[in-house]
Amino acid sequence: MILVLKNLLSSTDLASMQEALGPQAPWISGSSSAGGQAAAQKNNQQLAQDSELARTLQQRILQAVQNDPLFFSAALPHKLFNPLFNCYGGDANHYGPHIDGAVLHSRQTGERVRTDLSCTVFLNGPTDYDGGELCIHDTYGMQAIKLPAGQAVLYPGTSLHEVRPVTRGKRLASFFWVQSMVRSDEQRRLLFDLDMNLLKLRQQHGETTETTALTGTYHNLLRMWAET
Ligand code: NI
């Protein structure tokens, strides 16, 4: 499932992040943090992970996703890999087709995170640059994604993906991975659909015997499938 999170960052948050991520920020070559096949495809810039700025901005991204009920329902997060920041433009302007590593080790937290889901948060707008689409090769074909600033896309870690060359301007984004309590994309999808439809039923009819029973079903499925 590919899901867009529409209300992740406020315009105030975005303005200060864009300013902080100007040319003066501690940008380094993105290839320093990719392994094997991915490193050969990667040509972008990444914010030095151990910088003060990276730590400050990470907290803001983490806070934003943790406050988003849609993110929780879709990802059922167990662990999050510390968010990273990248910039595409000029000569460092693309990331060819690749698969992210299945288990990543965070230097910052010392934890290993299984990459069940990937999330990209767009930090500047689609008119700020040309190209730069995130192309995800999904079960239903290829989807090219370029979202307004402050929106994010959540997609399965199993997908082949790429960032098309940025031919004008700069593309700023944050990205991170999620280890979900529910490993299977299919099971997570069923839980998400059940949860979203329960929400609508409650809005339409209030709490009924049926919504209570179906909430029980939701939790019983989650109990059957979740690992914490
Ligand atoms: Ni990737």
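Across the interface of domain 1 and domain 2, the rule finds 2 residue pairs in polar contact, both at pLDDT 80 or more. A polar contact is a pair of N or O atoms within 3.5 Å; within protein, one must be able to donate a hydrogen and the other to accept it, and residues adjacent in sequence count only if both atoms are side-chain atoms. Please keep in mind that this is a predicted model, where local features need pLDDT of at least 70, side-chain atom pairs count only at pLDDT 80 or more, and totals for chains, interfaces and linings use all residues. Residues are numbered from 1 along each chain as its sequence is written, and side-chain values use heavy atoms, with hydrogens and water left out.

**The domains and their interface**

- Domain 1 covers 3-180 and domain 2 covers 185-225, with bounds taken from an automatic or database domain assignment.
- To the contact (heavy atoms within 4.5 Å), domain 1 brings 10 residues and domain 2 brings 8 residues.
- The C-alpha centres of the two domains are 30 Å apart.
- Between them, domain 1 and domain 2 bury about 660 Å², with 65% of it on carbon and sulfur atoms; buried area is the accessible area (1.4 Å probe) that two parts lose on being put together, summed over both.
- Helix 4 (residues 69-75) gives the most to the side of domain 1 that touches domain 2, with 4 residues; helices (H or I, at least four residues) and strands (E, at least two) are DSSP runs, numbered from the N terminus.

**The nickel site**

- H98 (NE2), D100 (OD) and H161 (NE2) coordinate the nickel ion at 2.1 Å; donors are N, O and S atoms within 2.8 Å of the metal (3.2 Å for Na, K and Ca), and water is not among the atoms, so sites may look incomplete.
- Along the chain, these donors follow the spacing H-x1-D-x60-H.
- H98 in strand 7 (residues 94-98) and H161 in strand 15 (residues 160-163) are 63 residues apart, so the pair links distant parts of the chain.

**Salt bridges**

- The whole structure has 6 salt bridges, each a side-chain nitrogen of Lys or Arg within 4 Å of a carboxyl oxygen of Asp or Glu.
- Across the domain interface, the rule finds 0 salt bridges.
- R188 and D185 form a salt bridge at 3.1 Å, N to O.
- Because they are 3 residues apart in helix 5 (residues 185-205), R188 and D185 are separated by about one helical turn.
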